[in-house]
Amino acid sequence: MKIAVLPGDGIGPEIIEQAVRVLQSLDEQFELETAPVGGAGYEAHGHPLPDGTLKLAQEADAVLFGAVGDWKYDTLDRPLRPEQAILGLRKNLKLFANLRPAILYPELAGASTLKPEVVSGLDILIIRELTGDIYFGQPRGVRIAVDGPFKGEREGFDTMRYAEPEIRRIAHVGFQAAQKRGKRLTSVDKANVLETFQFWKDIVTDVHKEYPDVALDHMYVDNAAMQLVRAPKKFDVIVTGNMFGDILSDAAAMLTGSIGMLPSASLDAANKGLYEPSHGSAPDIAGKGVANPLATILSAAMMLRYSLDRAEQADRIEAAVKKVLASGLRTPDIYEEGTTRVGTREMGDAVVKALAA
Ligand code: IPM
Ligand code: MG
């Protein structure tokens with residue numbers, strides 16, 4: 001089993017280092033190969049997704065990804081910006097299903113900005129389609145408007161589109177995930193305004209016929225945003241498109257009070273995947289040794305479960321993380337009075353130790 005390790009930028013390298021230590025402390029050893037990505041790829045090879053990095057990701061059984069991006073690259077041409085690396089990996093590896101769980105650990109109930117009774121026990125799963133929608137639709141660009149009230153003026157434009165098979169396959173992922181959980185699926189759309197999402201809704205409704213044991217409901221994205229902060233525990237699994245999923249998954253992550261705790265998986269049709277923390281590169285705290293490595297460590301656990309077929313090892317890592325939280329250790333992002341403040345490496349040490357115990 002070979003794992004491509006892509007640390008990236010900002011806090012990426014320091015959090016990846018801890019996840020790698022956790023993997024190396026398991027009985028079974030995996031082949032780990034590291035390559036630069038994002039700003040680091042640009043610095044090393046003049047491109048955010050260097051050929052060698054893409055090739056490594058393609059031939060590996062799974063990809064463990066840190067984070068990309070730094071303000072200093074904001075002035076580069078779009079194709080050279082760090083974010084293009086993650087979009088390029090999704091597209092080239094055909095990673096169409098993005099699983100973003102939002103789980104509130106009981107120990108961290110106080111870390112949420114919402115009232116504990118609203119969020120305690122929260123356990124929802126957002127499934128975001130990842131390779132279609134307005135993110136990749138062509139044409140796009142800036143042009144001179146040929147019609148409309150601003151005819152003759154410059155206009156920016158993008159194209160929202162979803163093909164039927166694209167909607168079907170992500171709907172199946174949604175229904176199957178719901179079958180393994182609370183058997184409820186909410187499909188989020190904007191069918192009241194957008195043709196693409198009326199089509200989405202119709203196709204999801206059709207796929208539902210194959211899953212009579214799952215309760216399906218449809219919700220407009222604006223209402224879903226409202227319900228997520230009003231009564232988030234009413235959701236079980238949410239399935240939605242690329243752009244709505246981008247926005248809702250950040251909101252859902254924040255319900256838990258710490259985006260530093262949340263892993264994510266991006267899977268292809270054969271469950272090969274890319275695993276990354278839900279948070280970004282946080283350049284403001286990079287190199288200070290204070291970043292929370294737990295989202296990356298939990299991403300490694302997801303990788304063991306979904307792509308490497310090592311569910312038992314995944315369980316062990318998740319149990320070790322719970323144990324460390326119960327022992328009161330906290331990185332600054334989840335620190336509360338009465339707990340013990342630790343840095344990135346100490347948190348990694350604690351998980352490694354809990355695994356050995
Ligand atoms: C995410 C990020 C990416 C996205 C960016 C960095 C391209 O926000 O993974 O949610 O919009 O998909
Ligand atoms: Mg996002």
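This is a predicted model: local features need pLDDT of at least 70, side-chain atom pairs count only at pLDDT 80 or more; totals for chains, interfaces and linings use all residues.
Reader: OK, how many aromatic pairs does a search of the whole structure find?
Author: The search of the whole structure finds six, pairing rings of Phe, Tyr and Trp (its six-membered ring) with centres within 6.5 Å and calling planes under 30 degrees apart stacked, over 60 edge-to-face and the rest tilted. In one of them, Y162 and W200 are tilted, at 5.3 Å centre to centre and with 55° between the planes.

Reader: Which parts of the chain does that pair link?
Author: It links distant parts, 38 residues apart: Y162 is in the loop between strand 7 (154–157) and helix 6 (164–179), whereas W200 is in helix 7 (residues 195–208); these are DSSP runs numbered from the N terminus (helices H or I, at least four residues; strands E, at least two).

Reader: And what are their relative accessibilities?
Author: Y162 has a relative accessible area of 7% and is therefore buried, and W200, at 0%, counts as buried too.

Reader: Back to F175 and Y211, how are those rings arranged?
Author: F175 and Y211 are stacked, with 4.9 Å between centres and 5° between the planes. This pair also links distant parts of the chain, F175 in helix 6 and Y211 in the loop between helix 7 and strand 9 (215–220), 36 residues apart.

Reader: Which residues do ring pairs link into a cluster?
Author: Y162 and W200 belong to a cluster in which ring pairs also link F197 and F244.

Reader: Switching topic, what surrounds ligand 1?
Author: Ligand 1 is surrounded by E83, R90, R100, R128, Y135 and D246 (a heavy atom within 4 Å).

Reader: Which side chain has an N or O atom 2.4 Å from a ligand 1 oxygen?
Author: That is Y135, while an N or O atom in the side chain of R90 lies 2.7 Å from an oxygen atom of ligand 1, and a polar side-chain atom of D246 lies 2.9 Å from a ligand 1 oxygen.

Definitions and conventions. Residues are numbered from 1 along each chain as its sequence is written. Chains are lettered from A and ligands numbered from 1 in the order in which they are written. Side-chain values use heavy atoms; hydrogens and water are left out. Buried means under 20% relative accessible area, exposed over 50%, partly exposed in between (1.4 Å probe, protein chains only). A polar contact is a pair of N or O atoms within 3.5 Å; within protein, one must be able to donate a hydrogen and the other to accept it, and residues adjacent in sequence count only if both atoms are side-chain atoms.
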